Amino acid sequence: GSTGIDSILADLKRTCSSTSYTYLYAIEVLNDLVHKVKTKKMPDGPKTAGLLRAVRKWDRLREELEDLMMNPPAAGGASKLNPLARKRRVDVALNVSDLYQRQRRRLDPTSDAYTSGDGSRFRRKSPNDLLRDTLDTAVVSLLKNHSLGIQVDKQLADDLLKVAYGGSSDIIGDVLIANPSAIKALLENLFRPGSKRNRNLEVKQKCARLIALAVLASERSVKVASSGDESSSEKRDDPEDQLRKALEKGSQLCEQVENMVTFTVTESASDKDTASPGRYLSFLCMEYTPVAQGVILWATELASGDEFASSAAYPTLSPSLMSLARIVSIHHPFTRPAVLKLALTFLSHSNSDLSYETMQDIKEQCLRLFLWLATQGQGLPVFSAIAEKLRQGGVIDAALLRYFIGGILDVIGPPVSIPFVKVLGMMFTTKACVDALNSTFFDAKKKVLLSELIGDFEDAVMENEKQSPRAAADDVALVANLRSMYGSKKRAS
């Protein structure tokens, strides 16, 4: 199932980014696979479509490995790395990348165009080559500084934009979308909260312009791929300027609401709601995807701060942030994994100064956000994350767990897939779940729904057992365990 693939993929990424040697080998293998497919002539058909889909996955894996190499997660020991070891990882990742290798390929040692004083021969770089070198070097510096916690300064921002001063700015966007970590670094410079925020207004404006160029380059590539004609796309009035202003305003509003007790969030906001920071921020999030991504990044880092959960604004600001995250997830499906990460952060909060009822209200809203995400294609990640929290203990009490499971039973029905049976079944077998769901406080009608869901699990496993008996053995044992805990009942036809 997909849960097994996720585990294998996580182990693969951890292994490939553990040392310089494994990383170099992994990148070379991925580059070779992509090159072979792209240089091979293939007829149209399902096989070609499958290979192109695999290329996109290989490209994505390469990007994730590069990001892991430069920004290892805290759980993996990033905090234990000394500055020299961290810098070495970053240098290895960047020297292997196309940003650095491309500059070397612009030199041609076999060319007679230019001979140096010592007799060695190489092609003299054209002015365009020099501008491209400046851009590639600037992106390398951006990624290195971001990994080491250094903000973008005016000189670096100018180097990133220098190509635009000498001609077309399209190439800037193309280079940035080829290096998604660079776009993330620019977004963080715009939206990071508190003391990490970049205070230089001119630099923030240039970061906003760079992100706008990346967005336009992405739209351009999608339109060319779909229609083969860039000119056929719908023209907007100066889209770069619109995006830049929206990003600048979004960053400004995040800084403003960060210092407020609460703010209004609504899906009915429009561009006329400039008087209300919350309503106008809601509009920008719905209208502009990069603003929505920046806002989720800002909210996640704000909620992860050591002082946020104990601040005076926490009980009123938290509901607004989660409501805004829900709106973002509705209008921008690809932000849902990031919204899930934000919800997990809120679920882990505790504040002994607040009343039990207040904390329960906040966590119930958080669980409702989980349920919403589960109905929008994030069911497996949501239930896997909740199961992990239950195994750790101390985050979700019995009352909240009954509230969450009751919500699950209200929205889930047959048919169910085998990966779904595995993930939800593992959650139901945790001790916290067994104690909470078998207590007298769990509604009798919900218990009936739970036994019917176990019956659905049995049907799915029996059907799968007919096709692959060996593979279904563990699933049969899991369902038998669930039946002994909660009972099983067939749904009324």
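Me: Is Cys254 buried or exposed, and at what relative accessibility?

Reply: In this predicted model, Cys254 has a relative accessibility of 0% and therefore counts as buried. Cys207 also counts as buried, at 2%.

Me: How many disulfides does the structure hold?

Reply: A disulfide is a covalent bond between the sulfur atoms of two cysteines. The structure holds zero disulfides. Cys254 takes part in none, and its nearest cysteine sulfur, that of Cys285, is 6.9 Å away; a pair would have to lie within 2.5 Å to be assigned as a disulfide.

Me: Where is Ser181 placed, and which residues is Ser181 in contact with beyond its neighbours within four places in sequence?

Reply: Ser181 belongs to helix α9, which spans residues 180–191. At 9% relative accessibility, Ser181 counts as buried because the cut-off is under 20%. Leaving aside neighbours within four places in sequence, its contacts are Asp67, Met70 and Leu143. With Asp67 there is a polar contact between the two side chains, at 3.4 Å.

Me: How many cavities of 30 Å³ or more does a search of the whole structure find, and which residues line the largest cavity?

Reply: Rolling a probe the size of a water molecule over the atoms shows where empty space is left. Here the search finds one cavity of 30 Å³ or more, and the largest cavity holds about 70 Å³ of space. Its lining consists of Asn145, His146, Gly149, Ile150, Gln151, Ala185, Glu188, Asn189, Arg192 and Lys196.

Me: Which helix gives the most to the lining of the largest cavity?

Reply: Helix α9 gives the most, with three residues; α6 (127–147) likewise supplies at least two.

Note on methods
Residues are numbered from 1 along each chain as its sequence is written. This is a predicted model: local features need pLDDT of at least 70, side-chain atom pairs count only at pLDDT 80 or more; totals for chains, interfaces and linings use all residues. Side-chain values use heavy atoms; hydrogens and water are left out. Buried means under 20% relative accessible area, exposed over 50%, partly exposed in between (1.4 Å probe, protein chains only). Helices (H or I, at least four residues) and strands (E, at least two) are DSSP runs, numbered from the N terminus. A polar contact is a pair of N or O atoms within 3.5 Å; within protein, one must be able to donate a hydrogen and the other to accept it, and residues adjacent in sequence count only if both atoms are side-chain atoms. Contact means heavy atoms within 4.5 Å. On a 1 Å grid over the protein atoms alone, a cavity is a set of points where a 1.4 Å probe fits but cannot get out, and a pocket is an open set with protein on both sides within 12 Å along at least five of seven lines; lining residues have an atom within 4 Å of a point. Grid points are joined across faces, edges and corners, and a volume is the space filled by probe spheres set on the points.
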